[in-house]
Amino acid sequence: MNQSTQAETMSAVGIEGGKGPAEALKAVQIPRPAPGPGQILIKVRAAGVNRPDIAQRQGFYPPPPGAPETMGLEVAGEVVEPAGRWTAGDRVCALLGGGGYAEYAVCDTRHALPIPQGLDFTEAAGLPETVFTVYANVFEHGSLRAGETLLVHGATSGIGVTAIQMAKAAGAKVIATGRGAAKADQARQMGADVAIDATAEDFSEVAKREGGVDVVLDMVGAPYFEANLKALNTGGRIVYIAAQAGGTLEVPIGRLMQKRGLITGSTLRPRPADEKARLAAEVERVVWPWIEAGKVRPHIDRTFPLAQAAQAHAHVESGTHLGKVILLT
């Protein structure tokens, strides 16, 4: 391969056969992307691994129109082709529609944020997908306020750990669930006021003894709905960001009406670029000061070289991780 060709291609991670198990992830050479109007090119130093990446690899979560086929929804690195407020060499982390599992990625200038003071590339790569998701769902859709109580399921996931810390930073009480005593203990170490082993205790009963909950952040789905509703205070909100154990709810409408409850949820990736830009500005305004004050910190479970993306996916699918799994380029 001559030097000119080398400059036009880059290492990335592809899915052999278009979809499949973790072992289908292979190192490939693909064309280096060129930024369009209003975009920057980032030299990727680290990329976060997220559940939607696994869903995409399995064929259940195709990229939105115009997004790269390559997986990867969040990265950290240096700007090499600037635009907007960015200059060459700026250290940024960014929310992507795809394309993060690669040496270079393009990004809407408005979807990149400066790496908070005190964080390295590895830590910063674990911020965008989780922080944007938690802010949009817990604080916007869920309207969590200081003095209220948040119930977080899947509390040792990247989303769960971030939700615990952000809710505490905002002045809320946090009740967290995990499957197994070890995960409940980890949630407590991450800052949860009350941590429940959901395999050994009825979390709704514990939550009611603690005064009930005002917002539920749920990624489990149908099996937890009845207990969520029991735990909910009058005027409470149940927010769905996934349904890993079942996606169809049977809703007792009378009880929902009695509690004046709200059931809502959202996805992040398909949102319009302008909406993501609005969300990015809010995250920078509200959450970045929490990070720089040490109230919110990404917890990195493990890192893997980019070429070992298959092992990284298998590790996330095992459910044994605490916090984020990161690929390093």
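The legends below describe an overview and several close-up views of one predicted model.

Residues are numbered from 1 along each chain as its sequence is written, and side-chain values use heavy atoms, with hydrogens and water left out. Because the model is predicted, local features need pLDDT of at least 70 and side-chain atom pairs count only at pLDDT 80 or more, whereas totals for chains, interfaces and linings use all residues.

**Figure 1. Overview of the chain, with eleven helices and 15 strands.** Helices (H or I, at least four residues) and strands (E, at least two) are DSSP runs, numbered from the N terminus. The radius of gyration is 20 Å, which agrees with the value near 20 Å for a compact globule of 329 residues; the radius is taken over C-alpha atoms, and the globule rule is 2.2 Å times the number of residues to the power 0.38. Along the principal axes, the C-alpha atoms fill a box of roughly 70 × 40 × 35 Å. Of the 329 residues, 53% are buried; buried means under 20% relative accessible area, exposed over 50%, and partly exposed in between (1.4 Å probe, protein chains only). Among contacts between residues at least 6 apart in sequence, 67% join residues at least 24 apart, where contact means heavy atoms within 4.5 Å.

**Figure 2. Surface and charge of the chain.** The chain exposes about 13,600 Å², and carbon and sulfur atoms supply 51% of this area. Accessible areas come from the Shrake-Rupley method with a 1.4 Å probe, and for residues only the protein chains shown count as cover. The mean positions of the 32 positive and 34 negative charges are 3 Å apart. Lys and Arg count as positive and Asp and Glu as negative, while His and the chain ends are not counted; the place of a charge is NZ of Lys, CZ of Arg, CG of Asp or CD of Glu.

**Figure 3. Glu 129, a buried residue without a salt bridge.** Glu 129 is found in helix 4 (residues 128-141). The nearest side chain of opposite charge is Lys 324, 7.4 Å away; a salt bridge requires a side-chain nitrogen of Lys or Arg within 4 Å of a carboxyl oxygen of Asp or Glu. Neighbours within four places in sequence aside, Glu 129 is in contact with Asn 50, Pro 52, Leu 73, Glu 74, Leu 95, Ile 159 and Leu 268.

**Figure 4. The buried residues of helix 11 (residues 309-318) and their cover.** Ala 309, Ala 310, Ala 312, His 313, His 315 and Val 316 are buried in this helix. Their cover includes helix 2 (51-57) and several strands, among them strand 1 (9-15), strand 2 (25-31), strand 3 (39-49), strand 14 (300-305) and strand 15 (324-328). Just after helix 11, Gly 319 takes a positive phi of about 75°.

**Figure 5. The salt bridge between Arg 85 and Glu 284.** Side chains of opposite charge can pair when their charged atoms come close. The structure holds 18 salt bridges; in the one shown, the N to O distance is 2.8 Å. Arg 85 lies in the loop between strand 4 (74-81) and strand 5 (91-95) and Glu 284 in helix 10 (residues 273-292), so the pair ties together parts that are 199 residues apart in sequence. Arg 85 is partly exposed, with a relative accessible area of 49%, and Glu 284 is partly exposed at 25%.

**Figure 6. Salt bridges of Arg 110 and Arg 145.** Arg 110 forms a salt bridge with Asp 108, their closest N and O atoms being 3.0 Å apart. Arg 110 counts as partly exposed at 37% relative accessibility, whereas Asp 108 counts as buried at 17%. Arg 145 meets Glu 148 in a salt bridge of 3.1 Å, N to O. Arg 145 is partly exposed at 48% relative accessibility, and Glu 148 is buried, with a relative accessible area of 11%. Salt bridges that share partners also join Glu 140, Arg 271, Glu 275 and Arg 278 into one network.

**Figure 7. Positive phi at Ser 143 and Arg 260.** Ser 143 is not a glycine, yet has a positive phi of about 55°. Ser 143 is found in the loop between helix 4 and strand 8 (149-152) and is partly exposed, with a relative accessible area of 28%. Arg 260, also not a glycine, has a positive phi of about 50°. The loop between helix 9 (253-258) and strand 13 (262-265) holds Arg 260, which counts as exposed at 61% relative accessibility.
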